[in-house]
Amino acid sequence: MIADLVQNTLDGLAQGSSYALLAVGFTLIFGVLRRVNLSYGPAIMAGCYAATWTHLQFGAGLILLALIAIGGAVLAGAYVERLCFAPHRNTGIGTSLGSPIAAMVASFALWMQFEEAATLLLPSHLYAFPPLYSGGPLGFGPFFLRVEALVTLAAAIAICLLLAWILWRTRFGLAVRAVIESPRAAELSGINVPWVFVRVFALASAIGGVAGYLVVASHEQITPMLGMWSTLKGMLAMMIGGLGSLPGAVLGGLVLGLIEAHSQWYLGPQARDLIAYLLLFVLLALRPAGLWPVRSQS
Amino acid sequence: MSTPLLEVSDLVTSYGKIEALKGVSLAIEQGKITCLLGPNGAGKTTLMFSTAGILKPKSGSIRLAGEEIAGRAPHAIVEKGIALVPENRLVFPHMSVLENLEAGAYQRSDPDVIGSDIEKLFARFPRLKERSAQEAGTLSGGEQQMLSVARALMSRPKLLLMDEPSLGLAPLVVEEIFRIITELHRDGTTIFLVEQNAHMALKVAHHFYLMEQGKVTFSGDPGSLAEDEVIRRAYLGTVKA
């Protein structure tokens, strides 16, 4: 009993660390631009397909595949930013109240574009992706952990530390925090706000690309569902943690992973997503701001 | 007379179809305090926002030391040497006082001089020094106003725009704000001030403009019009007989 509980907790944390990465990227875009990017996952998917293609064509090594997945996600993210978010910014007086919705709907349109392209244009629905490690799981006493899970966990910790360093120790990070707090005050302080948006978008897409690569390498396959899956997990984890809160995104991702792992074990695989969404509803009803909310702006 | 530091001519700015500025022309002389008075809705803040690049003017020109800057992005205008202390202060509430000042120096690439500038500002605003590690949102209204002015000065502006710096502050704090305005002027800063407090503004200004309904209706030196007449016009507009 206790052993199951511990094993499920380990599995949940491992899965949750990939959710945490997805949520950190999603939250960065939401926190800085104040816009929901539904095309976040599909852009990650585009990068992962680019890596899959490179693998099939040239059989490239793991590091190169990871770099291609990240670079592809950043390029696809730039495409999304130009089309959906550059025209609907939250700076200036003239921006209408409709612009957050216009941006979100535009990003939904691009999501469909990516998904339809993957579904209709690719000859096959499912492609194999090379695993990170072909040996079996590592044993720790009575417990087991896959190497992929350890790598994902390590990557999540490293990326969160790196992001914290960027945000609190660099000049660019100062600009990002300033824009999060007040885009108007930031531009009056001489910060080029649209350029901060572009760079944050690239950074968030790169983090998403890392998450996407680790997910497809763990599952050893890729399908056109990856886009929707990544957006949903990222958004869900952000909602659990708290809108726009980066520590909340990490916490929300881990909590989501744990809930999924435990409900799958005790209630069966069919119950897994059901329980996750049910708990989200309960949480949003009781604590609408999430578990680790951003402090109020006033 | 030499070229004014800032020269606005025939400036038109609109919100959609509504013209808030209907051809404004005025000049700000180097080293002077120029004050803009007028009733609510006259277009004073619109003029400030147009000058700072937040609003794009529809037509007309804004020249800083002869160079056209109308329609440029806000950060580019800060780089050219204009800093705006906005209405309602707008500090970064969850950043420390020190970080607020660092953000104000964002465009500068001289970290050593930035450090000594912060020290100089701390000497001028001792309260900010005491609270340098504190989150800006926890400061009082007056302290936030000081921080907003200090942050604007961190860009080393040629021209400081101030939009209603005394708004919502207690009388003693207002006195202090105006004392700082005179001090900044003494140190060579050119100031363009929008104020509702006409009495205080006329005491420090070298020149003033009256605005009504998107147009400049009067310009002169304090004393060229009786103060009660200025105040009547600034608050009520011209009474149409």
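Which residue of strand 8 of chain B does Leu159(B) stand opposite? That would be Thr190(B). A few notes from going through the model, which is a predicted one.

1. Start with strand 7 of chain B, residues 159-163. This strand is mostly covered, with five of its five residues buried. Leu159(B), Leu161(B) and Asp163(B) point one way, while Leu160(B) and Met162(B) point the other way. In a regular strand, side chains alternate between the two faces of the sheet. Note that Asp163(B) is on the list of buried residues here.

2. Now the partners of that strand. Strand 7 of chain B pairs with strand 8 (residues 190-194) in the parallel sense, over five bridges. Strand 6 (residues 82-85) of chain B also pairs with strand 7 in the parallel sense, over four bridges. If you want a spot to look at, Ala83(B) sits opposite Leu160(B) of strand 7.

3. Over in chain A, have a look at helix 1 (residues 2-33) and helix 8 (residues 193-219). Their axes come within 8 Å and cross at roughly 165°, so the two helices are roughly antiparallel to each other. The crossing is left-handed.

4. What do those two helices of chain A put into their contact? Helix 1 brings residues including Leu21(A), Leu22(A), Gly25(A) and Leu28(A), and helix 8 answers with a set that includes Phe197(A), Phe201(A), Ala204(A), Gly208(A) and Leu214(A). By class, the contact residues are 17 nonpolar, four polar and no charged.

5. On to the interface between the chains. Here 18 residues of chain A are in contact with 24 residues of chain B. On the chain A side, the elements giving two or more residues are helix 6 (171-181) and helix 7 (183-188). Helix 6 gives the most, with five residues. That side of chain A has seven nonpolar, six polar and five charged residues.

6. Two backbone spots in chain B are worth a glance. Most residues other than glycine have a negative phi. Ala65(B), though not a glycine, has a positive phi of about 45°; its place is the loop between strand 4 (59-64) and strand 5 (67-68) of chain B. Asn88(B) has a positive phi too, near 65°, and is found in the loop between strand 6 and helix 3 (97-104) of chain B.

Technical notes. Residues numbered from 1 in each chain as written. Chains lettered and ligands numbered in written order. Predicted model: local features only at pLDDT ≥ 70, side-chain atom pairs only at ≥ 80, totals over all residues. Contact = placed C-beta atoms within 7 Å. Nonpolar A, V, L, I, M, F, W, Y, C, P; charged D, E, K, R; others polar. Axes fitted to C-alpha atoms, helices over the stretch in contact; angles between N-to-C directions. Parallel < 35°, antiparallel > 145°, perpendicular 65-115°, else oblique. Left-handed = near helix turned anticlockwise from the far one by under 90°. Buried ≥ 20, exposed ≤ 12 C-beta atoms within 10 Å, placed from the backbone. Pairing = 2+ DSSP bridges.
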